[in-house]
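User: Please take a close look at a single residue here, starting with where it lies and what it touches. Then go on to the rest of the chain, and say how far the coordinates can be read.

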Amino acid sequence: MYKAGNSVEQVFGGNVIKQGDGTPLGFNFRSENGELVNLNGATVEVKIASKKGVVVEKQAVISDQYTVTFSLSQEDITGSGDMRIEFIVTYSGGTIEKFPSDDWQRIRITPTLEDVEKYGVGYITFEKLTEELTQGFQSQFDSFQSAVTEQTEIQIQRVENLINSNPQPSEIVDMRTDAKGVVYTTAGERLNAEQQMVGSVSEVSWLPEKITQALNDLKSWYDQQAINIKTPPYNAKTNGVDDDSPAIVKALQDANSKGIGLIKLFGTVTIGSKISISGNVGFMGNNVSKTNIQPKTGYTGTLFEAKGQYRSEGSTVVANIWFENLTFNGLEAADKALYIKGGYKILLNKCRFLKFTGEFVYYDQVYDSWVDKCVFDYSAGTDLTKPLFMLNYGSGDNTNEIHFNGCRWETFNRPAIKLNSGPNGYETVNEIKFTSCKWESIYKTDFIVLNGCANVNFVLCNFAIPIGSSSDTPYYGIRAIKSNSVHFVASEVEWFVSGGDTSFPFLYADSKSSNISFQGNLGAFVYNTRFPIEVESGFLGLNLYGAYENGYPANKVTNAADSVINMVPMLNVVGENPTVNVTYQKDSKYYKWAIRPQSDGSLNIERNGILYAKYNADTKLFVPSGGAYFSGGWSSGSLLRIGGYYLWVDSKNNLRMKINPPTSDTDGIVIASNTPFAWYDATLLNGFTHYDAATHVEYAKDAQNNVFIRGASSGGSVARTVFNLPVGLRPSRDQYFVTINDPTGMYMANIKIDSSNGNVILMAASSPNPTSFVRYDITFKVEG
């Protein structure tokens, strides 16, 4: 059977050689994980093809378990030019693998002087043209251009003369002669000869000597702008075995002293001790799949470190450090790939990080930096608290303005990212932006942990979270602790099946977090016995702007509070279908709340499809359907306030009101009593009787603490107690009243209410029959 290989890495020999040169060429093969392929017991066939087809097929030699070699002789190649190489490896078990899987390995064959009879046009390639050309080179170039113009004019005149001559020669015949007067048998022979005359600048002998020298000087200058660690005096082996740390340290020293900003890495760079960087330098590989950085056997530390001081510690930051086109492989041994402290303008571009036991990348007090198109995968180690990428607050200073663009985190068994602010209560990790990033893992772990952070934005991102089991420790896509201003824009969340029976929430926020918003998000919620968003009691500020579940407006929120009312007023909605549904789970009961804007500008608040309250935008009042209910005590801190009046329910379930905040349970006045208003028959004493059935002596008390006495009595005697008022209906001071002493109203009587015991006493009467009729129409107020 066949399977696709990955990449080929040339370890010795050149990629431009002369035809017939027998110099051995050596190559290593790497698997899709960037690891060297073991060739023990295998055979390797090499095929070389030109543009016309395969020109060489031969067996290569396996010089050690990882290296394959071959050489070319004069009879191996027909012609010269760009060649493509493919290796076919047959393993001892019969499996055949082709290298490389993407494109081909390439080599150029140049002709020898025996093959090239005439000089022709040279082939000059520059990796980069800059504005550093000197005035002297420009002058030489102008001179050369003038000479070319003169020759062009001569040739134009020659063509005109030929055309005007009689008989006219054929243009094809004319093409057989080149600019130097060399005549070829055919025009095609001339073109082929000129195409084959390709070489380095030094081989372009048709150019004036000064131009050739200037071009060589320019090429030399460009080569001096970067350090190649494989060349002298560095001589790095980059074979995945020998320690290349000394070569890199030497290269950094020279780069710093000479002002060189780029160090080129090739092959498999092996680090045997920590590399310290002071700033203003970049490391570049030729390809992320072909340039690998890994620890030497036995080394378990950090590969690269840059430490500066920031704010409270000092002002010596490490700045302008970048890594590009590199694969960092911890080999399940090294702790970290990069540790940056006190850094500024740090760039990671097109890099891959895998198999580190600690944090792959650790930023401590880093600001204004970028991570572009990087991949973090295959976490190793047993400490599941360490994230793959850590953004830390340092010693109380900020880590901020970090931009992640087009990055991916895959196959991680611990948090992919952690943003960790300090214990001082300030959000010292802030202004973090993720754009077009993706997180996907089969492991049941928090994807991202936000601890004391602010202003974290996810735009066009994707989260793929595994389905779990109800017995699992809860894990979340985002776990927000004491964080605020976390926003998701046009991002997607999906749960994929991996043998579980429940999907845990995508977002969890504690009660100290606030202001989290989703705008235009699409979620595919599978097995959602737990809801996509879960917040603790007291959380405020969840904003949903046109967020959809499976294309429908049905966002679900689990809140552990006794009431979801704390969250509902904070919801904001816009869009063509502005209805926002929030499902609240309490124990085994589910309550579906909906906020539905109306054409008159008001908002309907519905619960389980029934109107619960209406909010009027003009009066700023919620009008409950069926009446309001207040259960807060005087000290609850959540009293209803109307103007300057405060309302609360006292311990006897009476509704009270006061113009200022209450200071006790019985402060203010009762405006609604829990006890219904009722009349009670007085128990008459000392020979007094009710005058008749229609005028029994009765007393009552209303919610405002007004006491009422009505009816009439007869019998008894003057200066005696008629009846006694119970506790709660007695005045705080003695009360005196004048009342009617006969049915016609001609005579009067005096009544006293004793505040000490509640006795109602007939003090005096003017009627000839003083006790035959006494009327009671009395009202007074008692204290609460």
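Analyst: **One residue and its setting**

Ser 485 lies in strand β35, which covers residues 484-489. The model is predicted, and what follows is a reading of computed coordinates. Ser 485 counts as buried because its relative accessibility is 11%, and the cut-off for that class is under 20%. Leaving aside residues up to four places away in sequence, Ser 485 touches Ala 454, Asn 455 and Val 456, and also Ser 514 and Asn 515.

As for the whole chain, it has 784 residues, of which 43% are buried. Its secondary structure consists of 5 helices and 63 strands. Among contacts with a separation of 6 or more, 65% are between residues 24 or more positions apart.

**Aromatic rings**

The aromatic pairs number 39. One of them joins Trp 409 and Trp 439, with 5.1 Å from centre to centre and 10° between the planes. This pair is classed as stacked because planes under 30 degrees apart fall in that class.

Two other tryptophans have an arginine over the ring face. Arg 84 is placed over the face of Trp 104, at 4.9 Å from the ring centre. Arg 710 is placed over the face of Trp 679, at 3.9 Å from the ring centre.

**Two open sheets**

Arg 710 also falls within strand β56, which spans residues 706-710. That strand is part of an open sheet of 4 strands, ordered β53-β55-β56-β63, with antiparallel pairing. At its edges are β53 (680-681) and β63 (778-781), each of which pairs on one side only. Inside the sheet, strand β55 (residues 698-701) is joined to β56 by 4 bridges, and the two run antiparallel. Ala 700 has Phe 708 in β56 as its bridge partner.

Another open sheet, also of 4 strands, has the order β49-β50-β51-β52 and antiparallel pairing. Its edge strands, each pairing on one side only, are β49 (640-642) and β52 (669-672). On average, neighbouring strands of this sheet are turned by 35° against each other, with direction ignored. Strand β51 (residues 655-658) is joined to β52 by 3 bridges, and these two strands run antiparallel. Met 657 has Ile 669 in β52 as its bridge partner.

**How far to read the coordinates**

The average pLDDT of the chain is 78, and 71% of the residues score at least 70. Over residues 198-204 the pLDDT is below 50, and the stretch has 16 contacts in the model beyond near neighbours in sequence. Residues 525-530 also have a pLDDT below 50, and here the model has 25 contacts beyond near neighbours in sequence. Where pLDDT is low, predicted coordinates should not be read in detail. The contacts listed for residues 198-204 and for residues 525-530 are therefore left without further reading, since low pLDDT rules out a detailed one.

With 11% relative accessibility, Ser 485 is one of the buried residues.

Terms used
Residues numbered from 1 in each chain as written. Predicted model: local features only at pLDDT ≥ 70, side-chain atom pairs only at ≥ 80, totals over all residues. Heavy atoms only, no water. Phe/Tyr/Trp six-rings, centres within 6.5 Å; stacked < 30°, edge-to-face > 60°. Lys NZ or Arg CZ within 6 Å of the ring centre and 35° of its normal. pLDDT = per-residue confidence, 0-100. Contact = heavy atoms within 4.5 Å. Pairing = 2+ DSSP bridges. Axes fitted to C-alpha atoms, helices over the stretch in contact; angles between N-to-C directions. Buried < 20%, exposed > 50% of the residue type's maximum accessible area, 1.4 Å probe, protein only.
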